[in-house]
Amino acid sequence: MTNLFNIGDLVRVGDALPPGHIRTPMFLRGCNGTIIKHFGSFPNPERLAYGLNGLPKINLYQVLFKMDEAWDGKGDYADGDTITADIYETWLEAI
Amino acid sequence: MNSHTTDHEHEHDHTVFQKDIPEPKEDWEFLEIAIRELLIEKNVLSAREIQDEIEAWEKKNPEKGAEIIARSWVDDDFKNRLLNDGNKAVAELGFTVESLKLVALENTDELHHMVVCTLCSCYPRTLLGVPPLWYKSREYRSRAVREPRAVLREFGTTIPDSVEIRVVDSTADCRYLVIPKRPANTEKMSEAELVKLITRDSMIGTAEALDQDGQRS
């Protein structure tokens, strides 16, 4: 499996609403973030959930977001605070 | 408490039932009961096996996690190995985290990690035991990512605004273990003494480790 992104790459999370078992949190869909880690590749959970083997494996990344990206100031956080989530490559596009 | 009188000879064993199961109300609770009863009826599992498994999980506690953290505090090389490859490093201490990737997060003077699973309740159970009820609550899961500082204040944890709070949402195949900051004035303490300062919450990131006297800092 080729690694699609490098550490430091800017990415946007897809903002689609497909049905089924999705492990991309709703509050991060459409948000811009930065790749901070590549965890390797794993069976696709959206297929595993339905009894399929989830192959081919897909890359999993830790993506870092500024709090404002998700909440636009409507939360209780400081300027420098961040969120990370583990997101599969199929949900990420380069920006 | 057992209401059984104790003025007769006890020859039989009392089954210990899980105390915290309320009456089922929600659809998914009835579904769980139906599946459990079917598994028993079809001889896939026995009621005793299910209960034994629940009890085995309930006996697990955060001690293993604390041993790992204490080692990382006294041994920088181990800490680096833990940060580079969590599964491999904890295997040195005889612990396994099967089929999941263990990721350690180091808290520093500039960065404070706090772990949540907004989608469900992912948690490094093999090292920390069963997660606390609040970790699985909708309230913690929704608020931790949006108002982490308010949540931390409710835990009695104050992190200065100059320190970045990084909320780590455990959404996939990784399990996160926070390495809390080593408290001041603990240089002379043994690894076994340090273990006592490392609480479950400090490894989730909702608290810091206890201070050198074992008190909340």
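Author: Welcome! This is a predicted model, in which local features need pLDDT of at least 70 and side-chain atom pairs count only at pLDDT 80 or more, while totals for chains, interfaces and linings use all residues. Residues are numbered from 1 along each chain as its sequence is written, and chains are lettered from A and ligands numbered from 1 in the order in which they are written.

Reader: Let us begin with chain A: how do you know what its elements are?

Author: Helices (H or I, at least four residues) and strands (E, at least two) are DSSP runs, numbered from the N terminus. Chain A has 2 helices and 5 strands, arranged β-β-α-β-α-β-β from the N terminus on.

Reader: What makes the radius of gyration of chain A agree with that of a compact globule?

Author: The radius is taken over C-alpha atoms, and the globule rule is 2.2 Å times the number of residues to the power 0.38. For 95 residues a compact globule would come near 12 Å, and chain A has 14 Å, which agrees. Along the principal axes, its C-alpha atoms fill a box of roughly 40 × 30 × 20 Å.

Reader: Which loop holds B:Asn43, and why is B:Asn43 called exposed?

Author: B:Asn43 lies between helix 1 (27-41) and helix 2 (47-59) of chain B. With 7 C-beta neighbours inside 10 Å, B:Asn43 counts as exposed. B:Asn43 also has a positive phi of about 60°, although it is not a glycine.

Reader: How do you know that strand 3 and strand 4 of chain A pair?

Author: Two strands pair if DSSP finds at least two bridges between them. Strand 3 (residues 58-66) and strand 4 (residues 82-88) of chain A have 7 bridges, in the antiparallel sense. Across this pairing, A:Gln62 stands opposite A:Asp86.

Reader: Which sheet has strands from both chains, and what makes its edge strands edges?

Author: The open sheet of 7 strands has the order 5(A)-1(A)-2(A)-3(A)-4(A)-3(B)-2(B), with mixed pairing. Strand 5 (92-94) of chain A and strand 2 (111-116) of chain B are the edge strands, as each pairs on one side only.

Reader: How is strand 2 of chain B joined to strand 3 of chain B, and why is strand 2 of chain B called largely enclosed?

Author: The two strands run parallel and share 6 bridges, with B:Met114 opposite B:Val167 in strand 3 of chain B. In strand 2 of chain B, 5 of the 6 residues are buried, so this strand is largely enclosed by the rest of the structure.

Reader: What makes strand 4 of chain B a covered strand?

Author: In strand 4 (residues 174-179) of chain B, 6 of its 6 residues are buried. In a regular strand the side chains alternate between the two faces of the sheet. Here B:Cys174, B:Tyr176 and B:Val178 are buried on one side, and B:Arg175, B:Leu177 and B:Ile179 on the other. Strand 4 of chain B pairs with strand 1 (residues 101-106) of chain B in the parallel sense over 6 bridges, and B:Val103 has B:Tyr176 as its bridge partner.

Reader: How many residues of each chain touch the other, and what makes them count as in contact?

Author: Two residues are in contact if their C-beta atoms, placed from the backbone, lie within 7 Å. On that basis, 20 residues of chain B are in contact with 20 residues of chain A. Strand 3 of chain B gives the largest share of the chain B side, 6 residues.

Definitions and conventions. A residue is buried if 20 or more other C-beta atoms lie within 10 Å of its own, exposed if 12 or fewer, and partly exposed in between; C-beta atoms are placed from the backbone.
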